[in-house]
Every structure is written in structure tokens, then in C-alpha cells.
Amino acid sequence: MKKRTLLLTLPAILLVFSILLSACGENAKSGEASEIEIKFPSIWVAKDSKAATFAQIVKDFNEQNQGKIKVVVEEIPDYAAYKDKIRTNITTGTTPDIFSFDNPADGEFYYKSGNLADLTPYLDEQWKSTFLDHAFDNATYDGKVYSIPFEFGVTPVLYNTKLFKQAGITGFPKTYTELFAAFDKLKAAGIAPATQMTGGDGWVSMLWYSQLVSAIGGPDVYKHGLDDPAFVQAAEVLKKLFDYTTGDAVGLDNAGGHFLNQQTAVLLNGPWFIGRIKKEGIDQLYDSVEVAPAPVYEGGKGQPGQYVGFTQASLAVGKQKDKKKEEAIVKFLKYLTSPDNVKKISLDSGSLFVIKYEVTKDDKVERLQTEMKKGMEAAPYIIPHFRASVSPAVGAEFPQALSGLVLGKYTPEQFVEQLKQAESK
């Protein structure tokens with residue numbers, strides 16, 4: 001009887017032993033580190049001047065961390081669509097692992113959402129020392145760092161010397177009186193003087209308005225709010241500028257197309273646009289483009305040589321439940337913002353950054369970028385653009401109110417009133 005019992009239980013023992021071995025194998029597999037995937041919706045794709053170098057940096061990082069970390073870029077080339085997506089993600093609590101934003105006012109909204117990772121513990125002195133002084137002034141909220149400043153933008157005048165010469169103009173005008181005289185000559189020569197737009201976020205015309213507001217009201221104009229008379233005066237001049245643009249300006253949402261095709265002679269834009277001038281400009285456009293500060297407004301409080309400047313792109317991280325994933329994201333951020341990689345992007349695209357890097361005599365520094373840096377360094381002050389100085393609601397209302405101003409629906413006073421109403425909603 002005992003032998004029979006032993007024979008009956010032996011298969012059971014073997015089965016249990018087999019199960020134990022299988023469980024050990026599964027535990028060993030589960031103990032292996034799986035690849036961490038980082039999702040990064042990005043606008044630095046397609047025709048963006050940083051696209052090729054950015055893609056290579058991501059590729060290099062993924063190869064160096066193969067099997068451990070992988071950055072997956074979601075390509076969103078449309079700026080308005082990108083901003084809408086990020087804002088929706090933040091609002092609904094589906095924040096991407098990494099994303100960029102360009103407006104400090106939007107940044108404050110994101111910081112307050114509670115959906116961003118606190119980067120303060122990772123910002124050691126070694127990493128922070130690679131950034132320019134005061135780079136993190138707009139990156140903190142409630143004593144914590146919620147974003148990493150990256151790209152810096154200035155938006156001086158870009159003008160086509162070839163078209164200026166055709167109209168008999170030498171050099172860029174110093175005052176707005178001289179500017180309108182030059183624009184009359186360009187118009188008489190059959191050349192649309194300057195790009196304007198009310199479509200999208202009204203970017204180029206918003207930059208003109210920014211220059212005018214500070215040229216009239218001075219560097220402290222935003223301290224007084226929209227009640228400062230400079231905002232109405234600037235609207236009057238901006239409306240006049242629309243007499244010197246292309247016929248499709250109302251509703252136009254392509255900021256650079258006319259200038260790249262030499263259909264306009266003047267454009268306000270930043271260093272990130274240099275790469276497009278070199279790659280997309282027709283008839284050797286790049287050789288004809290020069291940089292200048294915006295004109296002085298006679299009787300205004302602004303000074304000659306003023307520059308509009310701002311953090312063009314900051315990087316933020318969505319709050320993570322997995323600490324290892326958060327650390328992997330920070331590892332990529334440190335790689336992306338390293339001086340060597342920033343130098344590659346800057347020299348290739350012409351963009352400016354808040355990260356310091358050394359330029360050697362063998363480096364081919366971009367001509368227009370150098371001119372912008374010189375102008376920035378010589379500027380009596382650098383003031384943020386209009387959209388970065390007002391609430392997101394006012395910035396969003398600007399293009400709609402501008403269309404009304406240009407089409408005669410609003411007077412300059414009513415235009416500003418529309419902005420005030422957006423602020424009060």
C-alpha cells in the first residue's frame with residue numbers, strides 16, 4: 001500500500017517541480033529591465049531649420065541607449081496645431097513625456113496645472129552652469145523648476161537689399177517717417193514692401209505691433225497695462241502698415257512664404273528663419289538679406305536699436321508615476337541641451353540658445369546670426385514681444401481683433417477695447 005502511494009504521488013511531485021522551475025524563469029524575465037519609451041511631440045520637423053540636426057541627435061541618443069531608452073518623436077509641423085494639442089493634453093491630464101512651449105504666459109498655465117514634473121532635484125550646478133545667467137527666471141513656479149529654457153529668439157528686421165536697390169533705397173530707414181517714405185518707393189516700383197498677416201496667431205504683424213508699442217511707450221510700457229495710450233497709437237500705425245503689404249494679408253497664415261519668394265522686401269522674424277532663407281529662398285535670396293533694428297518712433301519713449309527678445313522654446317516634462325522613466329527623460333534632456341549638441345543645432349540652423357558653447361576659428365558661424373547677436377548685444381534694452389507680455393486670452397484675441405481693425409470694423413480704440421474684453425473674460 002505504501003509503495004502504491006509513493007508511485008501515485010511521484011508524478012505530482014514532478015509536476016510541482018516543473019511549475020516551480022517555470023515560475024523562476026518568469027520571475028527572471030520580469031526582472032529584466034524593459035526599454036523605456038519616451039514620447040516627444042515636436043515642431044522641430046519637416047521644414048523647420050532645426051529638423052535635420054534634431055533628428056540626428058535623437059537618433060544618436062537612441063543608438064547609445066539601445067534596449068534601455070528610446071525617444072519617439074511625434075511630428076507636428078503646424079505651430080497652431082501643436083499649441084492646441086499641448087494645451088488640450090495639459091487640460092485633460094494627458095501631458096506628453098516631453099514637450100516644448102514658446103510663451104511664458106502659457107508656461108504659467110502649465111505650471112499651475114499640476115501636471116508637470118518638478119525638475120528642481122535634477123538641476124545640479126554642473127547642468128545649470130551650462131546656461132546663461134538668469135536663464136531660469138521664467139522657468140520657476142512656487143519655488144520649483146518646471147521647465148528647461150532652450151532656444152532664445154530675437155526678431156529684428158530682415159530686408160532684401162536687392163529689392164531695396166531696385167526701388168532706389170540705400171540702407172534700412174532709421175525712423176517710421178523714413179520707413180513709410182521707403183515703402184512708398186517700393187510700392188511705386190511694383191514691390192510689396194512688407195509681409196503682414198492676420199491668420200493663425202498673426203505672428204509677423206504681432207511682432208510689428210510689439211516693436212511699435214515699445215517704440216512709442218518705452219521699455220516699461222507693459223507695466224501700465226492696455227490702458228497705456230501707446231497701444232492705441234501703435235494700432236493706428238499698424239493699420240497703416242497694411243497699406244504696404246500683399247493683397248492676401250488678411251487671413252494669411254504663412255509667415256515667411258512671400259519673403260522667401262522675393263514677393264515682399266521686409267520681414268520681421270528670428271534666427272530660426274535663417275535656415276529657411278538659405279534652403280528655400282529663391283534666386284540666391286540669402287546673399288541679398290541684411291539685418292537691422294526696427295525704426296525709432298519720433299516723439300516716442302523708445303530708444304534707437306531696441307530689440308524684441310524672448311525665450312523662444314522651453315522644454316517641460318509631464319509628471320511621471322515611474323521614477324525610472326522620469327530619470328530617463330532627464331537623461332535625454334541633458335543630452336539634448338549639452339553644449340556640443342546645442343552648438344551643432346545653432347551652427348546648422350542659425351538659431352540662438354540660452355546654453356553656452358565655445359566657437360572656434362574653424363567653426364563656420366552663420367553671417368545673419370552674427371549680425372543678430374551684434375544687434376542684440378548693442379541694444380539699449382531687450383523687451384519681450386506683445387504675446388509674451390499679456391495673458392493667453394489677449395494673445396489669442398489679437399489676430400481676430402487685427403482683422404477687424406484692418407477691414408475697418410474697429411477703430412484703433414475699439415481694437416484695444418477688444419483686447420481688454422478678452423482679458424476680462
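Author: In this predicted model, strand 1, helix 2 (residues 51-64) and strand 2 make a right-handed β-α-β unit.

Reader: How do the two strands of that unit run, and how many bridges join strand 1 to strand 2?

Author: Strand 2 covers residues 69-75 and runs parallel to strand 1, with 7 bridges joining the two. To find your place along the pair, take Ile38, which stands opposite Val71 in strand 2.

Reader: Where is Ser42 found, and is Ser42 buried or exposed?

Author: Ser42 belongs to strand 1, which covers residues 36-42. The cut-off for buried is a relative accessible area under 20%. Ser42 has a relative accessible area of 1%, so it counts as buried.

Reader: Which residues does Ser42 touch, leaving out those up to four places away in sequence?

Author: Ser42 touches Phe54, Val73, Glu74, Glu75, Ile76 and Tyr82. One of these, Phe54, has a number within the range of helix 2 (residues 51-64). Val73, Glu74 and Glu75 have numbers within the range of strand 2 (residues 69-75).

Reader: What is the phi of Asp142, and where is the place of Asp142?

Author: Asp142 has a positive phi near 55°, and this residue too is something other than glycine. Its place is in the loop between strand 4 (140-141) and strand 5 (144-145). With a relative accessible area of 68%, Asp142 is exposed.

Reader: How should I read empty space in a model?

Author: Rolling a probe the size of a water molecule over the atoms shows where empty space is left. In this structure the count comes to 2 cavities of 30 Å³ or more.

Reader: How much space lies in the largest cavity, and which residues lie nearest its centre?

Author: The largest cavity holds about 160 Å³ of space. Its lining has 16 residues, and those nearest the centre are Ile43, Tyr82, Ser100, Phe101 and Asp102. Tyr82 is also among the residues that Ser42 touches.

Reader: Which elements each supply at least two residues of that lining, and what is the make-up by class?

Author: The elements are helix 3 (79-92), strand 3 (98-101), helix 4 (104-112) and strand 11 (307-317). Helix 3 gives the largest share, 4 residues. By class the lining of the largest cavity has 9 nonpolar, 2 polar and 5 charged residues.

Reader: How much space lies in the second largest cavity, and which residues line the second largest cavity?

Author: About 100 Å³ of space lies there. The lining includes Phe101 and Asp102, along with Asn103, Pro104 and Tyr111. Phe101 and Asp102 were also named for the largest cavity. Helix 4 and strand 11 each supply at least two residues of the lining of the second largest cavity. By class this lining has 6 nonpolar, 5 polar and 1 charged residues.

Reader: Let us turn to the largest pocket. How much space lies in the largest pocket?

Author: About 1,100 Å³ of space lies in the largest pocket. It is lined by 37 residues, and Asp78, Tyr79, Ala80, Lys83 and Asp201 are the closest to its centre. Helix 3, helix 4 and helix 17 (392-406) are the elements that give two or more residues to this lining.

Reader: Which element gives the largest share, and how do the residues of the lining divide?

Author: Helix 17 gives the largest share, with 6 residues. The lining of the largest pocket divides into 16 nonpolar, 9 polar and 12 charged residues.

Reader: How many helices and strands does the chain have?

Author: The chain has 18 helices and 13 strands. Of its 425 residues, 52% are buried.

Definitions and conventions
Residues numbered from 1 in each chain as written. Predicted model: local features only at pLDDT ≥ 70, side-chain atom pairs only at ≥ 80, totals over all residues. Heavy atoms only, no water. Buried < 20%, exposed > 50% of the residue type's maximum accessible area, 1.4 Å probe, protein only. Contact = heavy atoms within 4.5 Å. Pairing = 2+ DSSP bridges. Right-handed = clockwise from strand over helix to strand, strands pointing away. 1 Å grid on protein atoms, 1.4 Å probe; cavity = no way out; pocket = protein on both sides within 12 Å on 5 of 7 lines; lining within 4 Å. Points joined across faces, edges and corners; volume = space filled by probe spheres on them. Nonpolar A, V, L, I, M, F, W, Y, C, P; charged D, E, K, R; others polar.
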